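User: I am new to this structure and would like to learn how to read its features. Please take me through them one at a time.

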Amino acid sequence: QVQLVESGGGLVQAGGSLRLSCAASGRTFSFTTYTLGWFRQAPGKEREFVATYGTRGSTYITESLKDRFTVSRDNAKNTMYLQMNSLKPEDTAVYYCAAREGVVLPTRFRIGEAINYWGQGTQVTVSS
C-alpha cells in the first residue's frame, strides 16, 4: 500500500507561483519502483494530465504547461514537487498526485487508467 499526501495549494494572484508537494509513503514505496505524476481537475471539467516523474528520474510535462511548470523530487524526503509559475486563472483546479508501480510511459500514465494510487488532492485557486 502506498499513501500520497499533497500539500502546498492555496489562493494566488495571476502571475504568481506555487509549489505543490506530494509526500509518498508505504512499505513498498520507492522512487525507483514507482512512476509518479500530477493530474488536475477544474470544476465542471474532466481530469487533466499534468506531469510525470519516472523511475529513472526522467520528467515529462504536458505540452501546454511545460513553459510554466516543472516537476522535481527529493529522494531523501520521498517527496515530489510541482513548481507552477506565471499562474493563470485557468490553472484553478484540484491538483492530484498519482502513482503507478513500475515503468509507465507518459503516453499511458496520462490516460489515468494505469494509476494504482491517488492522493486526496490540493486546491489551487488563481485570482485574476
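User: Does arginine 40 count as buried or exposed?

Analyst: Some ground rules come before that. This is a predicted model, in which local features need pLDDT of at least 70 and side-chain atom pairs count only at pLDDT 80 or more, while totals for chains, interfaces and linings use all residues. Residues are numbered from 1 along each chain as its sequence is written, and side-chain values use heavy atoms, with hydrogens and water left out. Buried means under 20% relative accessible area, exposed over 50%, and partly exposed in between, with a 1.4 Å probe and protein chains only. Arginine 40 has 7% relative accessibility, so arginine 40 counts as buried.

User: Which side chain meets arginine 40 in a salt bridge at 2.7 Å?

Analyst: Side chains of opposite charge can pair when their charged atoms come close. The criterion for a salt bridge is a side-chain nitrogen of Lys or Arg within 4 Å of a carboxyl oxygen of Asp or Glu. Here the partner of arginine 40 is glutamate 48, at 2.7 Å from N to O. Glutamate 48 is partly exposed, at 30% relative accessibility.

User: With which aspartate does arginine 40 form a salt bridge?

Analyst: With aspartate 91, where the closest N and O atoms are 2.9 Å apart. This pair links distant parts of the chain, 51 residues apart: arginine 40 is in strand β4 and aspartate 91 is in the loop between β8 and β9. Strands (E, at least two residues) and helices (H or I, at least four) are DSSP runs numbered from the N terminus. Aspartate 91 is buried because its relative accessibility is 1%.

Aspartate 91 also forms a salt bridge with arginine 68, with 2.7 Å between the closest N and O atoms. Arginine 68 lies in the loop between β6 (59-61) and β7, so this pair ties together parts that are 23 residues apart in sequence. Arginine 68 is buried too, with a relative accessible area of 13%. The whole structure has four salt bridges.

User: What is the order of the strands in the open sheet of four?

Analyst: Two strands pair if DSSP finds at least two bridges between them. The order is β1-β3-β8-β7, with antiparallel pairing. β1 (3-7) and β7 (69-74) are the edge strands, each pairing on one side only. Six bridges join β7 to β8 (residues 79-84). Across this pair, phenylalanine 69 stands opposite methionine 84, and arginine 73 opposite methionine 80.

User: Which residues touch the most other members of the largest nonpolar core?

Analyst: In soluble globular proteins, nonpolar side chains tend to be buried together. A nonpolar core is a set of buried Ala, Val, Leu, Ile, Met, Phe, Trp, Tyr and Cys residues joined through side-chain atoms within 4.5 Å. The largest core has 31 residues, of which Leu4, Trp38, Phe69, Met80, Leu82, Met84 and Tyr95 touch the most other members. Elements that give two or more residues to this core include β3 (18-25), β4 (34-41) and β9 (93-101). Another core, of six residues, lies apart from it and includes Phe49 and Val104.
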